[in-house]
Amino acid sequence: QDNSIANQDSNVAVSQDLLAENDCNGTGGNDVTCTIDANSQVNEIRPIDQFNTANVAGTVSSVQFNDVAVAQTAAMANTCDETGGGINQATCENIGDINVLGPVSQSNGVDALNSDTASQSNGAQIAQNLDVVNDCDEDGTGFNLAGCAASALNEITPNDGITQNNDAIVGDDTAQLNFVGIIQDAQVDNVCDETGLGDNAALCASAAENGIGLISQANDAQGSGDADFTQNNNIPAINQVGTAQSDCDQSDEQTAEGDNSGTCAASAENGIESITQTNDATGTHVDDIFQDNTGAFSQVATSNNGCDATTFSFSGDNNAVCASAAENTIGPVAQTNTATGNDDVLLDQDNNVAMTQDASANNDCDATAQNDAICAAAAENEIESITQTNEATGDDFASILQSNDAVIVQNVDALNSCDESGDGSDAATCTSDADNFFGFVGPIAQTNTATGGDQSTASQSNGAQITGIS
């Protein structure tokens with residue numbers, strides 16, 4: 001009704017903390033099976049839907065917002081050591097330990113053609129932390145034949161991760177905002193060392209993964225009065241850190257015995273499916289329209305294996321097999337601003353994206369006797385594509401400002417250490433592969449289009465900075 005105020009908000013805050021621990025040590029041989037399984041050990045939130053709608057008449061003020069805050073933390077630990085004279089044949093598993101969220105949907109809609117002001121916003125702040133540890137050492141005179149496997153996954157649902165929409169039909173000033181901030185940290189550590197007289201034939205596998213499905217942010221405004229529109233899609237930070245480490249060392253400098261035949265595998269992966277940010281505004285009078293899309297993304301993937309055989313002389317050979325892989329991927333990023341105004345209008349549009357990727361895969365396969373180790377390391381960064389588009393239409397005396405900017409930094413390294421420093425020969429096989437990939441076909445597209453009447457002005461810029469280090 002006339003002179004009414006519409007004020008609506010939806011808020012949700014969720015915190016989940018999960019701890020699971022097994023202590024399966026043995027002192028005279030260890031044949032135990034220790035398992036922590038995601039079928040029973042998981043933090044899960046599905047789904048979150050928030051929606052506000054207002055349909056009002058007369059001179060009104062409308063304020064609507066949605067807010068989500070989620071914190072998920074999990075720690076999983078298995079201890080399967082053997083410290084006596086027996087053999088460590090333990091099976092220690094942390095299987096598919098996960099934090100899961102999504103999908104998240106947030107929407108605001110207002111129909112207030114004669115309104116005074118309208119303000120709408122959506123916000124999502126998410127933190128996921130997962131720490132998984134397996135300890136399968138053998139410290140006595142026996143052999144280490146343990147099997148140790150650990151994996152950790154932080155996930156925001158694939159295909160339909162986070163969707164934010166604001167839609168306004170108003171008569172005057174309108175401000176609309178979408179905000180997403182995400183921190184994901186997955187840490188996996190496997191320790192399968194053998195430090196006594198026996199050989200190390202342990203099997204150690206670690207995997208850490210952070211995954212984010214699509215993120216879609218959209219603002220749409222239509223106005224009929226002397227309105228100013230401000231629309232912003234903002235992702236100030238998405239930070240993903242994945243670390244996987246497996247330790248399969250054989251060390252006994254005093255007794256000078258024990259070969260290392262361990263098998264060690266570690267992988268770390270960060271992925272973002274896609275990012276879409278869109279602003280669309282149409283005004284019929286003297287309007288100023290401000291539109292911005294901003295995204296900042298950081299991915300760090302680190303994978304390390306330790307497969308040394310450090311013995312006193314030639315009697316402790318290194319026959320270990322070590323493989324490590326680290327990967328960062330970002331799918332297509334699309335930022336679009338579209339604005340239509342009439343005479344004497346200011347149209348200001350910006351698209352900005354900043355990406356940093358760091359992938360590191362390392363193996364340590366040194367020996368003080370014969371070195372026959374096989375070591376492979378691979379690291380990769382990939383950004384599929386970036387598309388930035390501004391389109392503005394104004395009549396006489398229009399002032400149009402448009403800019404697109406992209407800054408990309410990629411660091412990658414794949415390192416192997418396969419030295420031999422004792423009585424044996426160095427016959428180790430070491431391979432490494434480090435790549436930075438930016439897209440396949442037409443990876444960066446930046447477009448500004450401005451249409452104005454008599455005595456209109458336009459300022460346009462496109463900028464891209466790419467730094468790759470390997």
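What share of the contacts in the protein chain with a separation of 6 or more comes from residues 24 or more positions apart? The share is 85%, where contact means heavy atoms within 4.5 Å. Keep in mind that this is a predicted model: local features need pLDDT of at least 70, side-chain atom pairs count only at pLDDT 80 or more, and totals for chains, interfaces and linings use all residues. Residues are numbered from 1 along each chain as its sequence is written, and side-chain values use heavy atoms, with hydrogens and water left out.

**Overall build**
- You'll find zero helices and 28 strands in the protein chain; helices (H or I, at least four residues) and strands (E, at least two) are DSSP runs, numbered from the N terminus.
- The C-alpha atoms fill a box of roughly 90 × 40 × 25 Å along the principal axes.

**An open sheet**
- Eight strands line up as β4-β7-β10-β13-β17-β21-β24-β27, with parallel pairing; two strands pair if DSSP finds at least two bridges between them.
- At the edges sit β4 (48-55) and β27 (444-451), and each pairs on one side only.
- Inside this order, β21 (residues 333-340) and β24 (residues 386-393) pair over eight bridges, and T336 stands opposite T389 in β24.

**The inside**
- The largest nonpolar core has 27 residues; such a core is a set of buried (under 20% relative accessible area, 1.4 Å probe, protein chains only) Ala, Val, Leu, Ile, Met, Phe, Trp, Tyr and Cys residues joined through side-chain atoms within 4.5 Å.
- I162, I182 and F297 are among the members touching the most others.
- A second, separate core of 23 residues includes V132, V188, A208 and A359.

Conventions:
Buried means under 20% relative accessible area, exposed over 50%, partly exposed in between (1.4 Å probe, protein chains only).
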